[in-house]
Amino acid sequence: MLFTDFCPTKKIDMNNYVKILFLFSILLVETALAQNFEFEGQISLWGTIYNQSNDYQLNGGTRFIPGIRFTKDFESGDFIDLHISANTFLYKTETDFFSEADLYRFKVRYATEQSELRLGLQKINFGPAKILRSLQWFDTVDPTDPIKITEGVYGLRYKYNFLNNSEIWLWVLYGNDKLKGKEFLVSDKKEPEFGGRISLPLFDGELAGTFHSRTVSFHNTKLNEKRFALDGRWEVEAGIWFESVFTKLEDNLLFPSWQNNFTIGSDYTFNIGNGLVVTGEHYVFSMTDKFFGRGKTSRTTALSAAYPLGLVDNFSLFVFYQWESDKLYQTFQWNRVYDSFILNFNFYNYPETALLAEQNSENNTRAGYGFQFMIIYNF
C-alpha cells in the first residue's frame, strides 16, 4: 500500500478542545492585527492498481489541504504571522470507504532577522539525513511521498541564528498522545516534553548535538525517556553526513533500556546531461540492555538517483535493501512539474514484508507491486 492509500490524521477529542480554543483566541488577535491575508492550499487526486498476495486491487482517493495565512509586518523588519490549515481526505477501496477532516497546522510565528518563535500545531524536523533518518523524532515524512504529508505536534519552538552560522533550538511539547517519528511508545499527554539542539560550524560543514526528554505511558506505567544525538554534515568532493541517536528508557523492566539509531550517508552530482544526483545512506537500528551491548539489530541501505530532464520532467529512483530479511524494495517516479500542477507517476516493487517494520512508520507499510498516478494542484 502506498502512502496515500491510508494516512490517518490526528483526531480531535475532548483533550484537544482546550488547545484549539487557545489557538483560536490567537487567531482572533492575529486577525485584528493582520495587514496581509492569503488563502493557500493543495488538492491531490490519486488512483492505484497493485498486486498483493497474488490479488490485484484498485483504490483511489482525494486529499484537500486548505490553509489561510495572516501576516503583520513591523517597521523594524520583524513580522508576526498565523497559519491554519486542515487535512481532509476521501479514500475508496473495492470494499471500504474512508473519510476524515481535521486540523493539519495551526501555529503563530514571530520572526526577527535572527530568531523565530513558533507556537501551536506545527512540523518540527532537523538533521542532514535525507532518506533513512535517525533524527526523525517528530514527523513521519516518507522520502518517496511527492506531497510530503505528515502530522504536526503541539508545542512551542524557538530558534536563534548567530552571525557565525551557529544555531540554537529550544522546544516544549504538550498534549501529543500519538506516536511520533520512530517512537514505539506513546508520550504521556499530561506531561510536557522538552529538548533542544545546537549546531556549530566546523571546517566546511557543521556539527550538532540534540537532546529530548519525555515521559512515556505503557499500560498505566510511566517511564522516563531521554534521547541524545550527535550529527554532522560536510562538503568535500561529495556531501557526507551522519546521524547518531542514543535513547535511554529509565526505570524500565519491560523493554531493552537502550534504543540506538545510526545513519551515515553521502551524495554526489555527476556531470551527466543536466546533472545526475546520487544519494546513498546506511541505517542501523538496535535495542539493547546495555549502552554497548548486543541485542536486536536491523540494517537497511538506501540508494536514490534523481535526474531532471529539462524544465518539466524529473525522474527519481529509490532502492532499499533490508539486510536481515534479504529483501529488496524499489520505487521509480516520474514527475511533470508545471506552474501549479504536478503529475506524478509511481511504479513500485516491494516484497510482502513492509519496509522498516520494526519502527513506527505509518507511511512505510506498502507491500507487493503496483502503479499509482497522482495529480497535485497547489494554489
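The largest nonpolar core of this predicted model holds 12 residues: Tyr50, Ile131, Leu132, Tyr283, Phe285, Met287, Ala302, Phe318, Phe320, Tyr329, Tyr348 and Tyr350. Such a core is a set of buried Ala, Val, Leu, Ile, Met, Phe, Trp, Tyr and Cys residues joined through side-chain atoms within 4.5 Å, where buried means under 20% relative accessible area (1.4 Å probe, protein chains only). Two or more residues come from each of β14 (276-288), β16 (313-322) and β18 (341-350). β14 gives the most, with three. Strands are DSSP E runs of at least two residues, numbered from the N terminus.

Ile131 touches Pro143, Thr279, Glu281, Ala302, Ser304, Phe318 and Phe320 (heavy atoms within 4.5 Å), residues up to four places away in sequence not being counted. A second, separate core has 11 residues, including Phe126, Leu135, Trp171 and Ala229.

Residues are numbered from 1 along each chain as its sequence is written. Local features need pLDDT of at least 70 and side-chain atom pairs pLDDT 80 or more, while totals for chains, interfaces and linings use all residues; side-chain values use heavy atoms, without hydrogens and water.

The whole structure contains five cavities of 30 Å³ or more. A cavity is a set of points, on a 1 Å grid over the protein atoms alone, where a 1.4 Å probe fits but cannot get out; lining residues have an atom within 4 Å of a point.

Definitions and conventions. Buried means under 20% relative accessible area, exposed over 50%, partly exposed in between (1.4 Å probe, protein chains only). Helices (H or I, at least four residues) and strands (E, at least two) are DSSP runs, numbered from the N terminus. On a 1 Å grid over the protein atoms alone, a cavity is a set of points where a 1.4 Å probe fits but cannot get out, and a pocket is an open set with protein on both sides within 12 Å along at least five of seven lines; lining residues have an atom within 4 Å of a point. Grid points are joined across faces, edges and corners, and a volume is the space filled by probe spheres set on the points.
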